[in-house]
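The tour starts with a pair of helices and then moves to charged side chains.

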Amino acid sequence: MIRSTQPSLETIRDKVEAGQRLSADDGLFLYGDDVPLNEIGQLANLVRERKNGNHAYYNINTHLNPTNICVYRCIFCAFRSDLRDPHGYLMDDEAIIARGQEAVDCGATELHIVGGLHHQKKYDWYLNLIRILHEAFPRLHLKAWTGVEIEWFAHMTGKTYREILEEMIEAGLGSMPGGGAEIFHPEVRDRICEHKSDAGRWLEIHRTAHALGLRTNATMLYGHIEKPYHRIDHLIRLRELQDETGGFQTFIPLAFHPENTGLSHLKKPSSLIDLRTMAISRLMLDNFDHVKAYWIMLGIGTAQVALSYGADDIDGTVRHELIYHDAGATTPEVLGVEKIRQIIIEAGREPVERDTLYRKVVREGDAAESQAWEVGERVAGR
Ligand code: V47
């Protein structure tokens, strides 16, 4: 029987084994220094294997950050640039199409597109970018624009979130990445990105996307000025929206990289915090099918260990990543498919190539095809 007392490792273990939901107090308890990391890892692994068996998913993807020029000045960001800064860049249509072509030539199934909110670029420029890419490469999935960008487009045009998203879908948008969530709690959000879409608006945009049938991801930027209760608050807000819509696919905890940012005096979070956050995220987000260990930001070794601490996905081959590399990430700029598979196998898991929507990818020669899972082949998910 489950006791309803103060949280302890025993009461939490009972709940996890019985498939019961953890409370905010349980989550906070697990962040206590005296709770052994291995114990939390074992519990998270139980949930991970229940949902995804021994699979570890990856995809073949390429990033496109069409501009780094941004009206916002988030203090954690090393990527952004001012309009007249010599480091500022803006890609033209030709360069954008060339990136799409490179992605296709590399066998990518996904283009991950996010960037700055350029002072002089109107909404039509962003909409057109999706349209030209989709027209040129109709089989390439366009995972584009964070909630922050959608909010900016609505602000520029006076259109509703729904109208913006409907137009983007019509132009070829396939899904949305999880960026821009940072930390929802205003005690932190107002200090690290005060002008940006607040929690309510970020969540409303994802709610609207889900209502339109668009799947989205969610992230949490941790390891800067936030405290454990801000992280738990963040996870609970995501869990509540997922209860309502079921539209989130993957949660990605993002470890803060301080170099070249307004918080460069801070140390980057340790691997122990990375693993604890991964495991607690897996335990708290009982209604998310997937938790991703983004190797670019965790480093390959920690990402491998994370596959036994709740994570079931390692992201992709990732070509042209700039946001983390500008902030001091020392991971490679791209991993070959064989390397990513080897990393997963070394971690004791079975590599499975997925597309953006977690369908199985089957390759024959140069052709890649997304297929539905056979009955019983996939442990969780739709
Ligand atoms: O929103 C920015 C973060 C995010 C820093 O959906 C930083 O599959 C650490 O959201 N240190 C963008 N983090 C990246 C992102 C993402 C990445 C991989 C996969 C997916 C997905 C989404 O990167 C931003 C912000 O939270 N970020 N600067 C930094 N210095």
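Select residues 199-211, helix α9, and residues 228-245, helix α10: their axes come within 11 Å and cross at roughly 25°. Axes here are lines fitted to C-alpha atoms, for helices over the stretch in contact, with angles from 0 to 180 degrees between N-to-C directions. Helices are DSSP runs (H or I, at least four residues), numbered from the N terminus. That angle makes α9 roughly parallel to α10, a label for angles under 35 degrees. The crossing of α9 and α10 is right-handed: the near helix is turned clockwise from the far one by less than a right angle.

This is a predicted model, where local features need pLDDT of at least 70 and side-chain atom pairs count only at pLDDT 80 or more, while totals for chains, interfaces and linings use all residues. Residues are numbered from 1 along each chain as its sequence is written, and side-chain values use heavy atoms, leaving out hydrogens and water.

Next, show the side chains between the two helices. From α9, pick Ala 199, Trp 202, Leu 203, His 206, Arg 207 and His 210. They meet Arg 237, Leu 238, Leu 241, Glu 244 and Thr 245 of α10 (contact: heavy atoms within 4.5 Å). By class, this contact has five nonpolar, three polar and three charged residues. Ala, Val, Leu, Ile, Met, Phe, Trp, Tyr, Cys and Pro count as nonpolar, Asp, Glu, Lys and Arg as charged, and the others, Gly among them, as polar.

Now stay on α9 and select Glu 204 with Arg 207. Their side chains form a salt bridge at 2.6 Å, N to O (a side-chain nitrogen of Lys or Arg within 4 Å of a carboxyl oxygen of Asp or Glu). Both lie in α9, three residues apart, about one turn of the helix. Glu 204 is partly exposed at 32% relative accessible area (partly exposed lies between buried, under 20%, and exposed, over 50%, with a 1.4 Å probe and protein chains only). Arg 207 is partly exposed too, at 27%.

Which residue does Arg 237 meet in a salt bridge? Select Asp 233: the N to O distance is 2.9 Å. Arg 237 is partly exposed at 26%, and Asp 233 is partly exposed at 22%.

Then try Arg 201 and Asp 198, a salt bridge at 3.3 Å, N to O.

Last stop: select Arg 21, Asp 243 and Asp 286, which are linked in a network of salt bridges. The whole structure has 24 salt bridges.

Methods: Angles under 35 degrees count as roughly parallel, over 145 as roughly antiparallel, 65 to 115 as roughly perpendicular and the rest as oblique.
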